[in-house]
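Have the viewer open and follow along.

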Amino acid sequence: MKKLLFIVLQICLGVYMNAQTNIVFIESDDQSNQAVGAYGNPAMVTPNIDALAKEGVSFTAAYNMGCWSPAVCIPSRTMLFYGQHIWKSQKITKDNAPVAFPEILRENGYSSFMTGKWHAWGKNPKDIFDKLGSIQPGQLKTYNTTGGHVTDITGNEAVQYINEYKSEKPFFMYVAFNAPHVPRQTTQNYYDLYPAKDMVLPPSVVNGKPLNKNVKYQYTNDPLSSKTMQSRVQQNNAMVTHMDVRVGDIIKALKQKGVYDNTIIVFMSDHGINFGENGVAGKVCLYEPSVTAPLIIKAPKIKPNTKIKERVYLQDVNPTLFDLLGIQGPKNIDFQSLTPLINKKSKGRGSIYLAMFDDQRGVVSNNKKLIVYPKTGDVEYYNLENDPWETTNLVNKKSSVSEVKKLISELKEWQVKVGDTVKISEKY
């Protein structure tokens, strides 16, 4: 009789465990939308990330609000974990940090685990997560360690956590790959998938063009070399494909554990990167390749193969998770849940505010984009619908005057909203 009760208990416990909604949150570093096959680049070999997009919702215009550091990942991840806009997040320290979203999940019955890159202000990961794997720095000296390639270490530790997990609690995993951030090191078989000479660069990359004088942080020689950029794209794409294999391992482990269908999987990057577009070799700029990045959410209640073009923030995923789980999040979150967009009950924001240090400001509204450089007085205005690569600055056209004034007004409204004190010249 006792044996029968024990078996029944085990069966019931198993049903209870499988009924829980686990969360696997995967974040890459420096991965632009161009480095995902499902985002429209047929040259990319990313079958596992593409599969997540097919089974969930992909946001094709997800923005990072900006940065106060040349390490753009720091502001991006600080905003992500604490849910506060850029200039509030800049003031976060270990002493005044609000509750991070993994802590709220823990308060609601989750066991939490992290492996990989940590590069955010505020609390130490040991104070946020129940269990830690190998924690990597923001800038690696090399991916090739005595313990193996860092991408493999991060992926393998995530798989191990899933395989060994026995608690009746649901789990939250934060799997933070350093890839494809420099140094872009992987094995030859991945490089071979992307011959450098075959890498097709966008029309906004012009060989021999002087580097963009309005962008302070540039990581190449002046003038721009298309050949150098092709080599970097090769390395970047190879790193992404290597990571994609490890993402596949995580998916396989979830399926073998029998919890895949009841697991929310988020795949995102902290920001993108420019490989020569608009004369920029780096990521401290407001052009689309750098300020946008992939954001994919697969969840039990989300309609598969959904693509959302409305402009959102990457950090909107913070309150979105609480919505999907039916958990009450903090009242001081500045970002907004994406579930109304996913459920087609909202059209999203009217505009997107962008900022880099005190020398770049931008706003995007109705497929029109304005970039202002307060220190030099330069202004750029693009029609993203007709010119997605931002090749033609329309600011001097008479037909642009009214739209530019409107965007300047929206930018200044955003400045008040987020506490941005940079002066935008009245001449605009």
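Which residues of β1 are buried on one side, and which on the other? On one side you'll find Asn22, Val24, Ile26 and Ser28, and on the other Ile23, Phe25 and Glu27, all of them buried (under 20% relative accessible area, with exposed meaning over 50% and partly exposed in between, using a 1.4 Å probe and protein chains only). That makes seven of the seven residues in β1 (residues 22-28). Keep in mind that this is a predicted model, where local features need pLDDT of at least 70, side-chain atom pairs count only at pLDDT 80 or more, and totals for chains, interfaces and linings use all residues. Numbering starts from 1 along each chain as its sequence is written, and side-chain values use heavy atoms, leaving out hydrogens and water.

Now for the neighbours of β1. Strands here are DSSP runs of E with at least two residues, helices are runs of H or I with at least four, and both are numbered from the N terminus; two strands pair if DSSP finds at least two bridges between them. β1 runs parallel to β10 (residues 263-269), with seven bridges, and glutamate 27 has methionine 268 of β10 as its bridge partner. β1 also runs parallel to β9 (residues 171-176), joined by five bridges, with isoleucine 23 opposite phenylalanine 172.

Next, find the open sheet with mixed pairing, ordered β4-β16-β17-β18-β19. β4 (66-67) and β19 (379-383) each have a single partner strand, so one side of each lacks a neighbour in the sheet. Inside it, β16 (residues 352-356) and β17 (residues 360-365) are antiparallel and share five bridges, with tyrosine 353 opposite valine 363.
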